[in-house]
Amino acid sequence: MPGHVITVAQQKGGSGKTTVSANLAIGFLRQGKSVALVDIDPQGSLGRWFMTRLETEAGPVDQLEFATSSAWGITYEVRKLSEKNDIVIIDTPPKADSDLRPALRVADLVIVPVSVSHVDLWATEGVLDLARREDKEAMIVLNRGRPNTRLGTDVAKAAEKLMARIADATLANRVIYAEALGQGRGAAEGRKTPAQAEVDALTSEVAQALANG
Ligand SMILES: Nc1ncnc2c1ncn2[C@@H]1O[C@H](COP(=O)(O)OP(=O)(O)O)[C@@H](O)[C@H]1O
Ligand SMILES: [Mg+2]
């Protein structure tokens, strides 16, 4: 059976697409799965993360593969990668236009990170609309959460109005996410940390959604 395909998309830059992509990849590796990452963002942040990981030997790469693709080449790329890997994760540029369609079309699940520190919920509607038009399940992941703050509560409430599934698991605003991204690591690698628990919880929830899908 071909592997599952996850597309991480959100019109707003800086919402955490690359952070979620990299950390989910490590989360699935920790579950013993093989993972292919595909970067279709010309900025190439995920590629830098992967190359840093390779060059500095920041963590295991034997079950991890990386590719870049054009927006339109993604269908072919994913067909190849999903034959060999349990999970394929596609990181996308901050856009919600027709260029994004092929990446949505190949997805089993669309993950939409929403950064709590900037209210990017309005930007989220575009991606949710496109996902609906392709008949794809979308899951909002609240990122850079600030538990027990007014802003955190406001954003969570506003997200409910978008009529999309919101993951129970959230990623808090933590320096380790930014640090790990720059060092080619996942925030869940190494010591037991609160970030590790967050990433593992999100990975399990995503795995469950894929299994049910
Ligand atoms: N949960 C988080 N805690 C702290 N910093 C974060 C978190 N998520 C993202 N960041 C930081 O925010 C910036 C933008 O995140 P990134 O994943 O690159 O967003 P996008 O890919 O959507 O543009 C990066 O510098 C990243 O390290
Ligand atoms: Mg990015």
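**Conventions.** I number residues from 1 along each chain as its sequence is written, and chains are lettered from A and ligands numbered from 1 in the order in which they are written. Since the model is predicted, local features need pLDDT of at least 70 and side-chain atom pairs count only at pLDDT 80 or more, while totals for chains, interfaces and linings use all residues.

**Sheet.** I looked up the strand order first, taking helices (H or I, at least four residues) and strands (E, at least two) as DSSP runs numbered from the N terminus, and counting two strands as paired if DSSP finds at least two bridges between them.

**Strand β1.** I went through the pairing of β1 on both sides. Five bridges join β1 (residues 4–8) to β4 (residues 87–91) in parallel, and here His4 stands opposite Ile87, while the bridge partner of Val5 is Val88. Towards β5 there are three bridges, again between strands that run parallel, and Ile6 has Leu109 as its partner in β5.

For burial I used the count of other C-beta atoms, placed from the backbone, within 10 Å of a residue's own: buried at 20 or more, exposed at 12 or fewer, and partly exposed in between. By that count five of the five residues of β1 are buried. His4, Ile6 and Val8 point one way from the strand and Val5 and Thr7 the other way. In a regular strand the side chains alternate between the two faces of the sheet.

**Ligand 1.** Which residues are closest to ligand 1? They are Lys17, Thr18, Thr19, Tyr177 and Ala178, out of 18 residues that surround the ligand, where near means that the C-beta atom, placed from the backbone, lies within 6 Å. Both α1 (17–30) and α7 (175–182) supply at least two residues of this shell. By class I noted five nonpolar, ten polar and three charged residues, with Ala, Val, Leu, Ile, Met, Phe, Trp, Tyr, Cys and Pro counted as nonpolar, Asp, Glu, Lys and Arg as charged, and the others, Gly among them, as polar.

**Helix α1.** The expected span of a helix is 1.5 Å times one less than its number of residues. For the 14 residues of α1 this gives 20 Å, which agrees with end C-alpha atoms 20 Å apart. Because 13 of its 14 residues are buried, α1 is largely enclosed by the rest of the structure. Gly32, which follows α1, has a positive phi near 85°.

**Loop residues.** Asp135, in the loop between α5 (121–133) and β6, has phi near 65°, and counts as exposed because it has 8 C-beta neighbours inside 10 Å. Arg144, in the loop between β6 and α6 (150–160), has phi near 55°, and is buried, with 23 other C-beta atoms within 10 Å.

Leaving aside neighbours within four places in sequence, Ala164 is in contact with Leu128, Ala138 and Ile140, and its C-alpha atom is separated by 9.9 Å from that of Val112, 52 residues apart along the chain.

Val61, in the loop between α2 (45–56) and β3, counts as partly exposed, with 14 C-beta neighbours inside 10 Å.

Notes: Contact = placed C-beta atoms within 7 Å.
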